[in-house]
Amino acid sequence: MKIAYYPGCTLKTRAKNLEIAALAALKALEVEVEELPRWNCCGAVYSLADDDLIHIVAPVRDLIRVQEQGHTTVMTLCSMCYNTLARANELMKTDEIKRKTINDFMDEEPDYKGEVKVVHLLDFLRDEIGWDKLKEMVKVPLTGMKVAPYYGCTLLRPKDVAIDHPDNPQILHKFLQVLGAEAVDFPSAIECCGTYQVLGNPEAALSVSHHILKDAVDHGAEALALACPLCDYNLGRRQDAILGKFEGMQEVPVYYFTQLLAVAMGVSDKELHLELNRGSSSELLKDKNLLKAAG
Amino acid sequence: MPIKISLKTIDEQLQRKVREISGQNFSKCFQCGTCAGSCPMVEHISATPRKLMALLQMGQRELLEAANTPWVCASCHTCLVRCPRGLDIPRIMEGLRQVVLRQNINRIEPSNLQPEEVIDLPQIAMVSGFRKLTG
């Protein structure tokens, strides 16, 4: 199986652990991943102003690059890239007038009509690999790990690009169960981490992130699994600020779902890049005898 | 606090701009409050999305400008998914932000950010934050 891959900016710098673990796991799953040879930033957020088409140009150019490589589907790992590319694609598919304006503006590019299918690794695993096959391929089951599946916003909303039910998603639950972990259901799984408000209203972002972590722990989770580098920043890297501000909080390991996939596929420890996660992330895996170095 | 409403207090220009930028007809809102009950930022906003829709329907520019809601909104889209009237509230928030940002009034000043505040930030935080909070 072969698939085109759009990484996005953050995966090459701050979120190398999201990318490298995913690529190693996909290799173990015998999926050939072809990174687009030329890609640009997707813009991180989809433009919500009706008269702002210039910000749709960047993601559409990426989709045209996918076509140029002879692919019909492109896979993303970052939730925000997924959302931006998928929504731009929907617009090009459904809005004839805006499509014409954008195509006319990019006169050096071939006309684009939303032909490419945008998928996230999670729905690729569900729909293309299949849970049964994935289960067969698990070499190191994550037995005994209680992980809260944290979806965040951009994989689920709006409905037209949702990879699962926007209010009652199960895909990340199922993913964790297939890997052998216990998926800990908690009400905040689909709530917002505060996202870019870390710039505009850092205290508000901190408070909503605290709410999510506390909710996960209160429901019995030992760790969180997520897919978005900005969620990872707010819930993981910034956790020290949460622990310092809110009493009675304990540290919670936060993993990218791709790192847990890589562990289950038996990928070597160094490709997990756990040094980029919170310290407790390696410790929990060692405690459960899931790291090779410990075993 | 009672609000005085007359033909003179309705700012039709603001209503028209928000309608044009958002592509949304906020008159559809029937004030059920599902958005307010769904908003993760509800503790941090000075007026709920429901109240903002009412203020828009009445064209109350001053009260709308005084609300921090569009600037604390994280575009999480929960209100959109749950709105029984199918109103795209995140787009209306964008409209309210854009009428300010298009006057070259930034909500945050990138040049005032301290290096230690941003050194660790993922790029998507910077790109999305600047897209939403600066003109």
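Residues are numbered from 1 along each chain as its sequence is written, while chains are lettered from A and ligands numbered from 1 in the order in which they are written. Because the model is predicted, local features need pLDDT of at least 70 and side-chain atom pairs count only at pLDDT 80 or more, whereas totals for chains, interfaces and linings use all residues; side-chain values use heavy atoms, with hydrogens and water left out.

## Chain B as a whole

The secondary structure of chain B consists of 9 helices and 0 strands, where helices (H or I, at least four residues) and strands (E, at least two) are DSSP runs numbered from the N terminus. Read from the N terminus, the elements follow the order α-α-α-α-α-α-α-α-α. Chain B has a radius of gyration of 16 Å, close to the 14 Å that the globule rule gives for 135 residues, so it is as compact as a globular protein of that length; this radius is taken over C-alpha atoms, and the rule is 2.2 Å times the number of residues to the power 0.38. The C-alpha trace of chain B spans about 50 × 30 × 30 Å along its principal axes.

Of the 135 residues in chain B, 50% count as buried, a term that means under 20% relative accessible area, with exposed meaning over 50% and partly exposed in between (1.4 Å probe, protein chains only). The accessible surface of chain B is about 6,800 Å², and 51% of this surface belongs to carbon and sulfur atoms; such areas come from the Shrake-Rupley method with a 1.4 Å probe, and for residues only the protein chains shown count as cover. Among contacts (heavy atoms within 4.5 Å) in chain B between residues at least 6 apart in sequence, 70% join residues at least 24 apart.

In chain A, the axes of helix H3 (residues 79–94) and helix H4 (residues 96–105) come within 6 Å and cross at roughly 105°. The axes are lines fitted to C-alpha atoms, for helices over the stretch in contact, and angles run from 0 to 180 degrees between N-to-C directions. H3(A) and H4(A) are therefore roughly perpendicular to each other, given that angles under 35 degrees count as roughly parallel, over 145 as roughly antiparallel, 65 to 115 as roughly perpendicular and the rest as oblique. On the side of H3(A) the contact is made by A:Leu91, A:Met92, A:Lys93 and A:Thr94, and on the side of H4(A) by A:Glu96, A:Lys98, A:Arg99, A:Ile102 and A:Asn103.

Helix H10 (residues 229–237) of chain A is mostly covered, since 8 of its 9 residues are buried. The buried residues of H10(A) include A:Pro229, A:Leu230, A:Cys231 and A:Asp232.

## Single residues and their surroundings

| Residue | Relative accessible area | Class |
|---|---|---|
| A:Leu179 | 0% | buried |
| A:Thr76 | 0% | buried |
| A:Ala44 | 4% | buried |
| A:Asp164 | 22% | partly exposed |
| B:Asn104 | 70% | exposed |

A:Leu179 lies in the loop between helix H7 (171–178) and strand E6 (182–183) of chain A. Leaving aside neighbours within four places in sequence, A:Leu179 is in contact with residues including A:Leu134, A:Val138, A:Leu260 and A:Ala264. A:Thr76 belongs to strand E3 (residues 73–76) of chain A, and, not counting residues up to four places away in sequence, A:Thr76 touches A:Tyr6, A:Cys81, A:Tyr82, A:Leu85, A:Val119, A:His120 and A:Leu121.

A:Asp164 is found in the loop between E5 and H7 of chain A, where A:Pro158 also lies. With residues up to four places away in sequence set aside, A:Asp164 touches A:Arg126, A:Leu156, A:Pro169, A:Gln170 and A:Ile171. The C-alpha atoms of A:Asp164 and A:Leu122, which are 42 residues apart along the chain, are separated by 10.0 Å.

## Backbone details

A:Arg157 and A:Pro158 are joined by a cis peptide bond, with omega at about -5°. A:Ala44 is not a glycine, yet has a positive phi of about 65°, and A:Ala44 sits in the loop between strand E2 (32–35) and helix H2 (54–68) of chain A. In chain B, phi of B:Asn104 is near 65°, likewise a positive value in a residue other than glycine, and B:Asn104 is placed in the loop between helix H7 (89–101) and helix H8 (115–118).
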